[in-house]
Amino acid sequence: MSEHIVSSKLYIGIWATLMCLTVITATVAFVDLGPLNTVVALLIATLKALLVVLFFMHVKYTSEKLTKMVIVSAVFWLLILLFLSLADYTTRGIGHA
Amino acid sequence: MAYSPLAIEHKEGLQHQFVDAEQQRNAVSLGMWLFLATEIMFFGGMFCAYLVYRYWYYNEFAAGSRSIDIYLGTINTAVLICSSLTVALGVKAAQLGKRKLLVTLLLITLLFGLAFLAIKGVEWYDKYKEHHIPGPSFSAQDLIEKYPQIPIDPRPTQIYFSLYFAMTGLHALHMIVGVGIFSFILFQAWKGRFTPEYHTPVEISGLYWHFVDIIWIYLFPLLYLIDRKPLK
């Protein structure tokens, strides 16, 4: 099987989407959405990161399942680090009020 | 000793331990992704520190975030996204064996990378002028006067700026390494080292460049966009 070659049109489409999302996230930051501001900013960032990983980094086209497993487990480990740390720091006040 | 039929079919650019070019490519990109997984943990520690301190000192983080230039930050995000496009198109040019196009795209990528670092330098210099570099000369007086609605303590405000400099600094260091790697790739591409059969270095350097772009995609909202809402 030969290497998958992505069309330049698709690359430019992904680039245009990323640029639009950048403008949207910077603009939405000035609108008061309460606590949702952070959620929206992080969702947009994650969408951008996904587009880069899947298309620019060719993960969508790889036939190697091990590569996908490495990526998913790396993210999973990062989430363990972040969530378990926050589970500690954000609950320290409970019961000591 | 008999000759192995595999040895006779040995192709250019194919290491003898691999069955075919596809297996070799997959192995190389898997190795690169393993390295990037360690990079995720490397940056992950900083993101974790950021989250904990942001939770503790939200007001200080909000005021600090307002003081960094969102326009320069947005422009820099755009610059990096453009550089990622030229890298992706460059890898494609290498796959198709278009040497001239590859050299051009690598040159543009390098220019984008240097532009990013230059804009970052301007931003840091602004912080220096505003006495926002943590240390003995640090002062949050301007923030207290500018945003009287946000109650802040100058000392933890330094933590925001420490994390700002540590995270953007580590990212900039990765950019400098990236510029170095791409200069080398550019030199090799110019000498015609890459063919449709063998262009692995272009591809895995591309993975590195995109990864550094992704780190910035997260740094931008986390450092620049904490709290930009109109103050009441």
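# Notebook: a predicted two-chain model

**Entry 1. A:His58.** I began with A:His58, which is buried, having 21 other C-beta atoms within 10 Å. I kept in mind that the model is predicted. I then looked up where A:His58 sits, and found it in the loop between helix H2 (36-56) and helix H3 (65-89) of chain A. I also checked its backbone: phi of A:His58 is positive, about 65 degrees, although the residue is not a glycine.

**Entry 2. B:His131.** I turned next to a histidine of chain B. B:His131 lies in the loop between helix H5 (99-129) and helix H6 (141-146) of chain B. Its phi is near 60 degrees, again a positive value in a residue other than glycine. Is B:His131 buried or exposed, or does it fall in between? I found 13 C-beta neighbours inside 10 Å, so B:His131 counts as partly exposed.

**Entry 3. The contact between the chains.** I listed the residues on each side of the contact: 39 come from chain A and 38 from chain B. Which elements of chain A give two or more residues to the side that touches chain B? They are helix H1 (8-28), H2 and H3 of chain A. H3(A) provides the largest share of that side, with 12 residues. Sorted by class, the side of chain A that touches chain B holds 27 nonpolar, 8 polar and 4 charged residues.

**Entry 4. Helix H4 of chain B on its own.** I compared the length of this helix with what its residue count predicts. H4(B) covers residues 70-95, and its 26 residues should span 38 Å at 1.5 Å a residue; the end C-alpha atoms are 38 Å apart, which agrees. After H4(B) comes B:Gly97, with a positive phi near 75 degrees.

**Entry 5. H4(B) against H1(A).** I asked what H4(B) meets from the other chain. The axes of H1(A) and H4(B) come within 10 Å and cross at roughly 170 degrees. The two helices are therefore roughly antiparallel to each other, since an angle over 145 degrees counts as such. From H1(A), the residues in this contact include A:Tyr11, A:Trp15 and A:Leu18. On the H4(B) side I noted, among them, B:Ile81, B:Leu85 and B:Lys92. By class, this contact has 11 nonpolar, 4 polar and 1 charged residues.

**Entry 6. H4(B) against H5(B).** I moved to partners within chain B. H4(B) and H5(B) pack at an angle of about 165 degrees, with their axes 8 Å apart. That angle makes H4(B) roughly antiparallel to H5(B). Their crossing is left-handed. I counted the classes as 19 nonpolar, 6 polar and 2 charged residues in the contact of H4(B) with H5(B).

**Entry 7. H4(B) against H8(B).** How far apart are the axes of H4(B) and helix H8 (residues 200-224) of chain B? They are 10 Å apart, and the helices pack at an angle of about 160 degrees. H4(B) is thus roughly antiparallel to H8(B), and it passes H8(B) in a left-handed crossing. The residues from H4(B) include B:Gly73, B:Leu80 and B:Val87, while those from H8(B) include B:Trp209, B:Trp216 and B:Phe220. By class, the contact of H4(B) with H8(B) has 11 nonpolar, 6 polar and 2 charged residues.

Entry 8. I looked up B:Lys98, which is found in the loop between H4 and H5 of chain B. It has 16 C-beta neighbours inside 10 Å and so counts as partly exposed. B:Lys98 and B:Thr195 are 97 residues apart in sequence, yet their C-alpha atoms are 8.4 Å apart in space.

**Entry 9. B:Tyr57 and H3(B).** B:Tyr57 lies in the loop between helix H2 (21-56) and helix H3 (58-67) of chain B. I recorded B:Tyr57 as buried, because 20 other C-beta atoms lie within 10 Å. Leaving out residues up to four places away in sequence, B:Tyr57 touches B:Pro156 and B:Ile159. B:Val28 is 29 residues from B:Tyr57 along the chain, and their C-alpha atoms are separated by 43 Å. In H3(B), I noted buried residues including B:Glu60, B:Phe61 and B:Gly64. What covers the buried residues of H3(B) includes H2, H6, helix H7 (154-190) and H8 of chain B.

Terms used: Residues numbered from 1 in each chain as written. Chains lettered and ligands numbered in written order. Predicted model: local features only at pLDDT ≥ 70, side-chain atom pairs only at ≥ 80, totals over all residues. Helix = DSSP H or I, 4+ residues; strand = E, 2+ residues; numbered from the N terminus. Buried ≥ 20, exposed ≤ 12 C-beta atoms within 10 Å, placed from the backbone. Expected span 1.5 Å × (residues − 1). Contact = placed C-beta atoms within 7 Å. Nonpolar A, V, L, I, M, F, W, Y, C, P; charged D, E, K, R; others polar. Axes fitted to C-alpha atoms, helices over the stretch in contact; angles between N-to-C directions. Parallel < 35°, antiparallel > 145°, perpendicular 65-115°, else oblique. Left-handed = near helix turned anticlockwise from the far one by under 90°.
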